[in-house]
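Dear colleague,

Please find below the structure that I am handing over to you. A summary of the findings follows it.

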Amino acid sequence: RPKNTFEQVSASARLEGTLSEALLVGGTVRWQDSTTEEPGSRLFDSPGVVDAENLVATAYGQWTGDAGLASRLTYGRHERDYVFTSSWGASPGANTRDILDWQTSWKDDASIELVGGANAEWVENNASGSRSEDEVLA
């Protein structure tokens, strides 16, 4: 289809190291910037351009103890910017997610593994100036 191109640039990195025999720490970052021509639907001709950028970063620490016990805490942040522009105007959108995840596991020498944890997420959305927030605890 005409007016249906896609261009993208992305990058990622990871850094990880051990502070001791029992403690691992690390972080990751992922970035993507893209431009997409949008031809509109088959029934409603409304071509436009989507500019989108995503950034995801994490930091984590993992403790490994004796007798098959391990615990990991991870913090993540996702930032997303999105703008659709057409002859009708521009529709910007952005959201930010902050995520905290904790998981502990125990594994015996055979085939049993027990896993437990908790997760919290805080989200902020902004669509064309309309702002909302959300919180999830699990």
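Predicted model: local features only at pLDDT ≥ 70, side-chain atom pairs only at ≥ 80, totals over all residues.

Residues are numbered from 1 along each chain as its sequence is written, and side-chain values use heavy atoms, with hydrogens and water left out.

The protein chain contains seven strands and zero helices; these are DSSP runs numbered from the N terminus, with strands (E) of at least two residues and helices (H or I) of at least four. The radius of gyration, taken over C-alpha atoms, is 21 Å, well over the 14 Å given for 138 residues by the globule rule (2.2 Å times the number of residues to the power 0.38), so the protein chain is more spread out than a compact globule. Along the principal axes, its C-alpha atoms fill a box of roughly 65 × 30 × 30 Å.

Of the contacts (heavy atoms within 4.5 Å) with a separation of 6 or more, 46% are between residues 24 or more positions apart.

One residue may be considered individually. S105 lies in strand 5 (residues 89–107) and is buried, with a relative accessible area of 15%. Leaving aside residues up to four places away in sequence, S105 touches G68, L69, A70, E113, L114 and V115.

Yours sincerely

How values were computed: Buried < 20%, exposed > 50% of the residue type's maximum accessible area, 1.4 Å probe, protein only.
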